[in-house]
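Please describe this structure, covering its chains, its domains and the contacts between them. The sequence and model are shown here.

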Amino acid sequence: MSQPVLSARGLGKVIKGRTILKDVCVEEHRGSVIGVIGRNGAGKTTLLDILLGFSPPTSGESKVFGHDSLALPATVKGRIGFVPQQDELIPMITGAQHLALHSSLHPRWNGDLVDRLARAWEVPLDRPVQVLSVGERQKLSSLLALGHDPELLVLDEPAASLDPLARRRFLQELLEISSDRTRTVLFSTHIVSDLERVADRIWILREGALAWSGELDTLKESVVRLQVRARRALPPGLALPHALTQQVRETWASALVSQWSPGEVQSLRDSLDAEVEVQNLGLEDLFVELHA
Amino acid sequence: MESAPTLPARFFVLQPASGVPIYRQLVDQVQRMVASGQLAPGTALPSVREVAELHSVNPMTISKAYALLEGEGVLQRNRGKAMTVAAGRRSQGTLAQRLRQLEPQVDALVLAARQLELDASDLAEVLRRKMGGKS
């Protein structure tokens, strides 16, 4: 298998005695669109910062294109594009001036792509940044991160301030950018519906730990809710296989189970002498259930 | 070769927020339409890119669905051209197979009917009416 674009082992971060991240292990390969979700304060921004080498971990290590995050050579940095949650634009100068500045710093600047995106996203380039809305600033900072054709694009809450239409256009471009399968996109979000459209892999962060990581399709197919209605009272010690959460009350049981395969339903019906309904859950429900 | 009719991309109903993965929704829809004869052999499918763009979803999930359908012999890949519905599929969708595809929906219906204390004859009556009185 090819070298991972991103990898982390046992990554932890403690700030002033408070654990922000614990034991995060990931490995991602070229061509994936990875979505990171978690509640506020779950550690999303800290994780992205550590992966990119902006801040050192307290324990463990991470690599980008095979190089330690804390010692990325300039050539590797040139292959990364990053859009921080708080933009780092200069208030007094215009978007066009920002673009000119960035293009002069990058030998491989893709002016055509930038022009096309600036039009598609309706970014006002002729006004100083200080008069732009938050959404416009966000789009401008994404443009700046994309101009040098990065192989790894990391975006921290990129679409949070965009209206639904602008968000849709923005996501379409992200997909377009990743569609040749040579680039990798990693983005964090609270907006579960965005993630369901574009991500093929997800990381779910819960209180600093990785609650789940892998393919979104696998998550939706293998973690399901079972509703059980038995003809007689269910045994008090009933343990449904691979239950993450479970409630049993007389003839009724409800459980969230992992590692589910559709073939199991008949044997469960027989063994419990019960109606068993299998509910596939959307990501929003899964997210809530995994935090229950 | 004469050009085959093409299914428009908006014919697919994709719901990203559903618990059923997007590729699975697409596979099920194509299988149903082929089994019922709505999609005749030779009909061209919209390109991966077209479906992905129209629905703003990851193209990979669409190619995954098409690849699965090809593996099952439902679709046929044509060098440099759109994928088409493979020949002779209709006859392979036996009654039992087609009924099996409906099982999740039937399970949900049966459950709802039980909760409402309706029995099989009540349901049959409604189904007969909705489906046009064929008995």
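## Domains, chains and interface

The centres of domain 1 and domain 2 of chain A, taken over C-alpha atoms, are 38 Å apart. The assignment, which is automatic or drawn from a database, places domain 1 of chain A at 6-217 and domain 2 of chain A at 223-290. The contact between them takes 8 residues from domain 1 of chain A and 4 residues from domain 2 of chain A; two residues are in contact if their C-beta atoms, placed from the backbone, lie within 7 Å. On the domain 1 side, the elements that give two or more residues are α7, β9 (201-206) and β10 (209-215) of chain A. The largest share of that side, 3 residues, is from α7(A). By class, that side has 6 nonpolar, no polar and 2 charged residues. Ala, Val, Leu, Ile, Met, Phe, Trp, Tyr, Cys and Pro count as nonpolar, Asp, Glu, Lys and Arg as charged, and the others, Gly among them, as polar.

This is a predicted model, in which local features need pLDDT of at least 70 and side-chain atom pairs count only at pLDDT 80 or more, while totals for chains, interfaces and linings use all residues. Residues are numbered from 1 along each chain as its sequence is written, and chains are lettered from A and ligands numbered from 1 in the order in which they are written.

The two chains are set out below.

Helices (H or I, at least four residues) and strands (E, at least two) are DSSP runs, numbered from the N terminus. From the N terminus on, chain B has the order α-α-α-β-β-α-α-α.

In chain A, 66% of the contacts between residues at least 6 apart in sequence join residues at least 24 apart. For chain B, residues 24 or more positions apart account for 64% of the contacts with a separation of 6 or more.

Between the chains, 21 residues of chain A are in contact with 17 residues of chain B. On the chain A side, α6 (164-178), α7 (192-198), α8 (216-222) and β14 (274-280) are the elements that give two or more residues. That side of chain A divides into 5 nonpolar, 6 polar and 10 charged residues.
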